[in-house]
Amino acid sequence: MTPARLAVSVALGGVAALAAVAMVAAAVRDAAEPVTIRISVHYSHFEPSLVTVPAGRPVTFVLDNTDPIDHEWIVGDAALHERHRTGTEPYHDSRPTEVSLDAGTTKRTTVTFEQAGTLTFVCHLPGHEAYGMVGTLVVTAP
């Protein structure tokens, strides 16, 4: 290989390496950026009621209560929801997966779900779950 061809080959290899590094950096940056999901409460129902999120990545939920009454958005497994139903769970507004929504308000919360699986989100205020304020959250493997 001539010195000129070798220089061009090295230069092109360097450009390809820089492009690969840039792609990896962008993927890492994007993985750290929160996914944003908007959930509306309207006529005492969650819309959408089925949400899919990636495991290990921050998810910012924008919770918009358009109803004239208070609601809550509580995400968890069956055991957590049973504790809320029986009243044995302490006040919950300090947890990112448990948000109280006053009438006509919007709140944001960011959660990272570490494991793949299926959880539910429920409003446990009296009568709301029975009325249909239940949704499913699917956490997919990375």
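Predicted model: local features only at pLDDT ≥ 70, side-chain atom pairs only at ≥ 80, totals over all residues.
1. Residues are numbered from 1 along each chain as its sequence is written, and side-chain values use heavy atoms, with hydrogens and water left out.

2. Now the overall layout. The chain has three helices and nine strands, in the order α-β-β-β-β-β-α-β-β-β-α-β along the sequence. Helices (H or I, at least four residues) and strands (E, at least two) are DSSP runs, numbered from the N terminus. Of the 142 residues, 30% count as buried. Among contacts with a separation of 6 or more, 68% come from residues 24 or more positions apart; contact here means heavy atoms within 4.5 Å.

3. Next, the aromatic rings. Rings of Phe, Tyr and Trp (its six-membered ring) pair if their centres lie within 6.5 Å; planes under 30 degrees apart count as stacked, over 60 as edge-to-face and the rest as tilted. The count by this rule is four aromatic pairs. In one of them, the ring centres of Phe61 and Trp73 are 4.8 Å apart with planes at 50°, so this pair is tilted. Because Phe61 sits in strand 4 (residues 58–65) and Trp73 in strand 5 (residues 71–76), the pair ties together parts twelve residues apart in sequence. Both Phe61 and Trp73 are buried.

4. Phe61 also pairs with Phe113, edge-to-face, at 6.3 Å centre to centre and 80° between the planes. Phe113 lies in the loop between strand 7 (106–112) and strand 8 (117–122) while Phe61 is in strand 4, so this pair ties together parts 52 residues apart in sequence. Ring pairs link Phe46, Phe61, Trp73, Phe113 and Phe121 into a cluster.

5. Finally, have a look at Glu72 in strand 5. Glu72 is buried yet has no salt bridge, and the nearest side chain of opposite charge, Arg85, is 9.9 Å away. A salt bridge is a side-chain nitrogen of Lys or Arg within 4 Å of a carboxyl oxygen of Asp or Glu; Lys and Arg count as positive and Asp and Glu as negative, while His and the chain ends are not counted. What lies 2.8 Å from a polar atom of the Glu72 side chain? The backbone nitrogen of His124 does, and the backbone nitrogen of Leu125 lies 3.5 Å from a polar atom of that side chain.

Terms used. Buried < 20%, exposed > 50% of the residue type's maximum accessible area, 1.4 Å probe, protein only. Polar contact = N/O pair within 3.5 Å; in protein donor to acceptor, adjacent residues only side chain to side chain.
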